[in-house]
Amino acid sequence: MRAPRRDPVGLGQESVWDYPRPPSAEVTPRRVVVEMGGRVVAESTRAVRVCETSHPPVYYVPRDDVVPGVLERARGSSWCEWKGQATYWDAVVDGRRYPAVGWSYEQPTPGYEHLRGAVAFYPSKVERALVDGEQVHAQAGDFYGGWITGDVVGPFKGEPGTLGW
């Protein structure tokens, strides 16, 4: 199956089709904020931005930048061919449980060690996710958890019919 036609890239934008495979993982100074239950539960200017061909970026927040006591281990796990075994996390905010809001790599594979313990939140499962003050839109499908902002263009994997990309 061929990759779809790329969306036009405007000034200050980047195409997810220019992202590498295997994915890159670099610390970014961009301000990443996650809100749930009307509260900020994570805020960082040292998140790891992971970019992979056809996917919007995913921001992994260092555990030290997540409010203590918010995360509780969730059921299940999955395997990434690049990063290894994923651990899933629930969030508990003011007594309310938000199931499977994020994931981490507690023992990442070589080359992704700086992801160890950092948490990626699904934008679709939190109240609000922001990058430099811009509200994030969730990548379709909830499997990949990408963060769509105005500075990235697709089309993005995750929509119906994109499995073969």
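Is Gln 139 buried or exposed in this predicted model? Gln 139 is buried, with a relative accessible area of 4%; here buried means under 20% relative accessible area, exposed over 50% and partly exposed in between, using a 1.4 Å probe and protein chains only. The views below start from this residue.

A note on reading the legends: this is a predicted model, in which local features need pLDDT of at least 70, side-chain atom pairs count only at pLDDT 80 or more, and totals for chains, interfaces and linings use all residues. Residues are numbered from 1 along each chain as its sequence is written, and side-chain values use heavy atoms, with hydrogens and water left out.

**View 1. Gln 139 and the residues it touches.** Gln 139 sits in the loop between strand S13 (137-138) and strand S14 (147-148); strands (E, at least two residues) and helices (H or I, at least four) are DSSP runs, numbered from the N terminus. Its side chain makes a polar contact with the side chain of His 55 at 3.4 Å. Such a contact is a pair of N or O atoms within 3.5 Å; within protein, one must be able to donate a hydrogen and the other to accept it, and residues adjacent in sequence count only if both atoms are side-chain atoms. A polar atom of the Gln 139 side chain also lies 2.6 Å from the backbone oxygen of Lys 157. Leaving aside residues up to four places away in sequence, Gln 139 touches His 55, Pro 56, Tyr 144, Gly 145, Gly 146, Ile 148 and Lys 157, where contact means heavy atoms within 4.5 Å.

**View 2. A cluster of rings made by Tyr 60, Trp 103, Tyr 105 and Tyr 122.** The structure has four aromatic pairs; rings of Phe, Tyr and Trp (its six-membered ring) pair if their centres lie within 6.5 Å, and planes under 30 degrees apart count as stacked, over 60 as edge-to-face and the rest as tilted. The rings of Tyr 60 and Trp 103 have centres 5.8 Å apart and planes at 85 degrees, so this pair is edge-to-face. It links distant parts of the chain, with Tyr 60 in strand S6 and Trp 103 in strand S9, 43 residues apart. Tyr 60 is buried at 2% relative accessibility, and Trp 103 is buried at 6%. Trp 103 also forms a tilted pair with Tyr 122, 4.7 Å centre to centre and with 50 degrees between the planes. Tyr 122 lies in the loop between S10 and strand S11 (128-131), 19 residues from Trp 103. Tyr 122 is buried too, with a relative accessible area of 5%.

**View 3. Strand S8 and its antiparallel partners S7 and S9.** Nine of the 10 residues of S8 are buried, so the strand is largely enclosed by the rest of the structure. Seven bridges join S7 to S8, and six bridges join S8 to S9; two strands pair if DSSP finds at least two bridges between them. Look for Ser 77 opposite Thr 87 in S8, and for Arg 96 in S9 as the bridge partner of Val 93. S7 and S8 form a hairpin with three residues between them. The hairpin of S8 and S9 has two residues between its strands, and Asp 94 in the turn has a positive phi of about 50 degrees.

**View 4. Asp 94 and Arg 39 joined by a salt bridge.** The closest N and O atoms of this pair are 2.9 Å apart; a salt bridge is a side-chain nitrogen of Lys or Arg within 4 Å of a carboxyl oxygen of Asp or Glu. Asp 94 lies in the loop between strand S8 (84-93) and strand S9 (96-104) and Arg 39 in strand S4, so the pair ties together parts that are 55 residues apart in sequence. Asp 94 is exposed, with a relative accessible area of 62%, whereas Arg 39 is partly exposed at 39%.

**View 5. Further salt bridges, from a total of 13 in the whole structure.** The side chains of Glu 43 and Arg 31 meet at 2.7 Å, N to O. Glu 43 lies in strand S4 (residues 39-44) and Arg 31 in the loop between strand S2 (24-27) and strand S3 (32-36), so the pair connects parts 12 residues apart in sequence. Elsewhere, Arg 63 and Glu 106 form a salt bridge at 2.6 Å, N to O. Salt bridges also link Arg 21, Glu 52 and Glu 81 in a network.
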